[in-house]
Amino acid sequence: MSAPRPTPTVAAILTPLGQGGIAILHVAGPRAFELAAALFRPKSGGAAAPDARRLFYGHVVDDGEVVDEVLVRLVPGAAAGEDRVEVNCHGGLVAVQRVLECFTRRGARAVEPQALVRRTARGPLEAEAAEALEQAATPLGVEVLLDQLGGALERAVRALPWERPADAAAALRALLATERLGRALWQPLGVALVGPVNAGKSSLFNALAREDRMIVSPTPGTTRDAVSALVAVGGLPVRLTDTAGEREPACAIEREAIARARAAAAEADLAVLVLDGSAAQEPPRPLVDAAGLVALNKCDLGLAPWTRALPDALAVSAMRGDGLDALAGRIVGTLVGEAAHEPGRAVVFTGRQGRLLGEALARAEAGEMDAARRAAERVCSRG
């Protein structure tokens, strides 16, 4: 009878390549700590000790060459006694691939993220966090989801004060209030820029996307189709769409462009009405009243008197950059309430978690505390 084959040590990049300012690499298996010790040099000197609660700052060094500045966590026995090393790289795509190569040259096997998650996840929350990390497109998303991978949400759920029903219900409401943000960090929401022709929608699109993706022209009707890009707005990944301007169409192509613009606005989670704030002619009041958020573009040219009747509108200049941060903040606030990273904060980030915690809250408010507790515990269990 042949001896059982040794369990391989595997490595995978969990974050999407080329997106965000942080990349997450995991190494798991019997040699994970050995390989980390050979490559990682803590800034404080000495060696990093296995401790799931502690991050070590330092560098990955290969044959005397510094490969990247990193944060490392050594998690003992993460799953079925298997050790895991978490490496947070800050150097982007090339650096994280070089770090991966350092581990594979020493015997780790590169695998797809899903394979590593199936092997190492201790429960559904950790598996969901690892899956979400693959889709995280901004540093904020990586930071928040990494906290959940480290157990922030699980700890919060297990610490719910069931012996104090009012406090438990309040804690559940606080957790559920984070769901919009948590899901948006890896399932981008849609924002459409809509409004009259020549209001500067394409210029504003370019300014928010920070690159010239659109043809910008003073000629009305330049944008013929809805064009989208995944951009970071206030730390939140957003599917931003530029649309054709509203006016009486001059031809069949323009009619189709305007129809597509209206469809894009209807499908978006938020439509931002972009107006030329310097224009002498006031826009139709029904158009303004129907808008959830109004941006008065071209404020660098001076705002027209009619804009004083729109105190909630934001003055911006796509050309000069005025007001763009405020606009980004208003977009984020409208979509998710707020987007900030508080280290260790528990955040609900999937529909499954939200449904179960919502059920737990309903049960708690009805005084059914045992049923509430069972519903909340299913968030952390495989059952």
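**Chatting through a predicted model**

Tutor: Let's start with the overview: the protein has 14 helices and 13 strands. Helices (H or I, at least four residues) and strands (E, at least two) are DSSP runs, numbered from the N terminus. This is a predicted model, where local features need pLDDT of at least 70 and side-chain atom pairs count only at pLDDT 80 or more, while totals for chains, interfaces and linings use all residues. Residues are numbered from 1 along each chain as its sequence is written, and side-chain values use heavy atoms, with hydrogens and water left out.

Student: Which way do the side chains of β8 point, and are they buried or exposed?

Tutor: Leu 189, Val 191 and Leu 193 point one way, Gly 190, Ala 192 and Val 194 point the other way, and all are buried. In a regular strand the side chains alternate between the two faces of the sheet.

Student: Why is β8 described as largely enclosed?

Tutor: Six of the six residues of β8 (residues 189–194) are buried, so the strand is largely enclosed by the rest of the structure.

Student: How many bridges join β8 to β10?

Tutor: Five bridges join β8 to β10 (residues 236–242), and the two strands run parallel. Leu 189 stands opposite Val 238 in β10. Two strands pair if DSSP finds at least two bridges between them.

Student: And what about β11?

Tutor: β8 also pairs with β11 (residues 270–276) in the parallel sense, over four bridges. There, Val 191 has Leu 270 as its bridge partner.

Student: New topic: how many cavities of 30 Å³ or more are there?

Tutor: The structure holds four of them. On a 1 Å grid over the protein atoms alone, a cavity is a set of points where a 1.4 Å probe fits but cannot get out, and a pocket is an open set with protein on both sides within 12 Å along at least five of seven lines; lining residues have an atom within 4 Å of a point. Grid points are joined across faces, edges and corners, and a volume is the space filled by probe spheres set on the points.

Student: So what lines the largest cavity?

Tutor: That cavity holds about 40 Å³ of space, and its lining includes Leu 14, His 26, Arg 84 and Leu 149. The largest share of the lining, three residues, comes from α3.

Student: What's the volume of the second largest pocket?

Tutor: About 320 Å³. Of its 19 lining residues, the closest to the centre are Leu 55, Arg 73, Glu 143, Leu 146 and Asp 147. α5 gives the most to the lining, with four residues.

Student: Last one: where is Gly 234?

Tutor: Gly 234 is in the loop between β9 (227–233) and β10. At 44% relative accessibility, Gly 234 counts as partly exposed.

Student: What does Gly 234 touch?

Tutor: Not counting residues up to four places away in sequence, Gly 234 touches Ala 328, Val 332 and Ala 339. A contact means heavy atoms within 4.5 Å. The C-alpha atoms of Gly 234 and Leu 324 are separated by 9.9 Å, and these residues are 90 apart along the chain.

Key: Buried means under 20% relative accessible area, exposed over 50%, partly exposed in between (1.4 Å probe, protein chains only).
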